[in-house]
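Subject: Structure for your files

Dear colleague,

Here is the structure I said I would pass on. My notes on it follow below.

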Amino acid sequence: MSDAMTAASGSAVPADTILEARNLFKTLGGNRVLDSVSLDIGRGRVKVLIGPSGAGKSTLLQCLNFLMPPDSGHILLEGREVDKKSKKELCAFRQQVGMIFQDFNLFDHLSALENVRVALMKVKGLSKLEATERAVAELARVGLKDKAALYPANLSGGQKQRVAIARALAMDPKVMLLDEPTSALDPELIGEVLAVIRDLAQGGMTMIMATHQISFSASLADEFLFMDKGRVVEHGSPAELLGRGSSSRTQAFCSKISELTGDNEAGECRL
């Protein structure tokens with residue numbers, strides 16, 4: 001039984017589970033965007049959310065980080081339920097569950113270095129020297145040490161996203177949530193961000209990512225979760241869902257992406 005099904009069934013979750021969501025519901029504008037969604041993820045694992053626009057993927061990620069609190073349901077980090085009414089607890093939780101957005105969310109008036117450093121000083125309480133050293137190290141980790149003094153206006157989209165990743169990494173998260181991290185990028189810039197994500201996965205970072213980069217994510221993911229109309233309607237390993245002869249919703253969706261983009265390499269689904 002997969003992690004997602006185990007959580008949904010109410011049975012004991014695997015011992016290495018780090019983040020767990022149980023029966024999350026969310027209604028926006030009268031529409032039920034999440035409908036009893038459950039999942040859990042083990043340490044060092046990578047889960048990928050796929051599905052059509054409006055399926056609830058971004059909402060799920062924002063609920064997992066409490067940027068958009070679920071209407072009901074439970075979220076546990078390392079077996080402990082998060083008290084969404086406690087600002088102190090939510091702040092501590094968000095340090096451990098980092099979020100990467102589609103549109104970078106950098107401060108335009110701060111340099112790349114300052115964007116990474118600011119939370120280290122204000123949230124973690126590091127001195128300016130300590131925060132600067134850590135920020136430089138994280139920028140180097142994503143290949144941007146030489147861009148530390150540049151402002152977002154002077155960075156490419158791929159560089160902005162890598163600064164955003166460096167900022168999240170600086171908080172020492174236990175889990176990273178990535179919401180379509182390459183969707184706002186020009187095609188020629190996507191590769192540099194994917195390379196950083198691959199390095200994180202190979203380094204053991206626990207990640208839940210929504211993306212349409214199917215063949216890339218299939219090479220990293222332990223499990224795909226296919227969402228539609230606010231529910232996880234299918235889940236399994238990439239080999240199970242995308243293998244030759246598969247009649248899965250995931251396979252059909254991915255084939256449609258290939259048809260729309262005309263990019264056989266990016267859209268190739270069969271393993």
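Asn-105 is partly exposed, with a relative accessible area of 39% (partly exposed lies between buried, under 20% relative accessible area, and exposed, over 50%, using a 1.4 Å probe and protein chains only). Asn-105 sits in the loop between strand 6 and helix 4 (112–122); helices (H or I, at least four residues) and strands (E, at least two) are DSSP runs, numbered from the N terminus. Its phi is positive, about 55 degrees, although Asn-105 is not a glycine.

Before going further, the provenance. This is a predicted model, in which local features need pLDDT of at least 70, side-chain atom pairs count only at pLDDT 80 or more, and totals for chains, interfaces and linings use all residues. Residues are numbered from 1 along each chain as its sequence is written, and side-chain values use heavy atoms, with hydrogens and water left out.

A second residue with positive phi is Glu-78, which is not a glycine either and has a value near 50 degrees. Glu-78 belongs to the loop between strand 4 and strand 5, and is partly exposed at 37% relative accessibility.

Strand 1 (residues 17–28) and strand 2 run antiparallel and are joined by 9 bridges. In this pairing Leu-28 stands opposite Asn-31. Strand 2 also holds Gly-42, which is buried at a relative accessible area of 0%.

Strand 6 (residues 97–100) pairs with strand 7 (residues 175–179) in the parallel sense, over 4 bridges. Ile-100 has Leu-178 of strand 7 as its bridge partner. Val-97 and Met-99 point one way from strand 6, Gly-98 and Ile-100 point the other way, and all are buried.

Salt bridges

How many salt bridges does a search of the whole structure find? The total is 15, where a salt bridge is a side-chain nitrogen of Lys or Arg within 4 Å of a carboxyl oxygen of Asp or Glu. Among them is the one between Asp-35 and Arg-231, at 3.3 Å from N to O. Asp-35 is in strand 2 (residues 31–42) and Arg-231 in strand 10 (residues 231–236), so this pair ties together parts 196 residues apart in sequence. Arg-231 is partly exposed, at 39%.

Another joins Arg-249 and Asp-228, with the closest N and O atoms 2.8 Å apart. Arg-249 lies in helix 10 (residues 249–261) and Asp-228 in strand 9 (residues 223–228), so the parts tied together are 21 residues apart in sequence. Arg-249 is partly exposed at 39% relative accessibility.

Arg-134 and Glu-138 form a salt bridge too, with their closest N and O atoms 2.8 Å apart. These two are 4 residues apart in helix 5 (residues 128–141), about one helical turn. Arg-134 is partly exposed at 23% relative accessibility, whereas Glu-138 is buried at 5%. Both belong to a network of salt bridges that also links Lys-124, Arg-141 and Asp-172.

Cores

The largest nonpolar core has 51 residues, and Ile-165, Met-176, Ile-197, Met-207 and Phe-224 touch the most other members. Such a core is a set of buried Ala, Val, Leu, Ile, Met, Phe, Trp, Tyr and Cys residues joined through side-chain atoms within 4.5 Å. Helix 7 (residues 187–202) gives the most to this core, 8 residues. Beyond its neighbours within four places in sequence, Met-207 has contacts that include Ile-41, Met-176, Leu-178 and Ile-197. A second, separate core of 28 residues includes Ile-18, Leu-39, Ile-75 and Leu-225.

Regards

Note on methods. Two strands pair if DSSP finds at least two bridges between them. Contact means heavy atoms within 4.5 Å.
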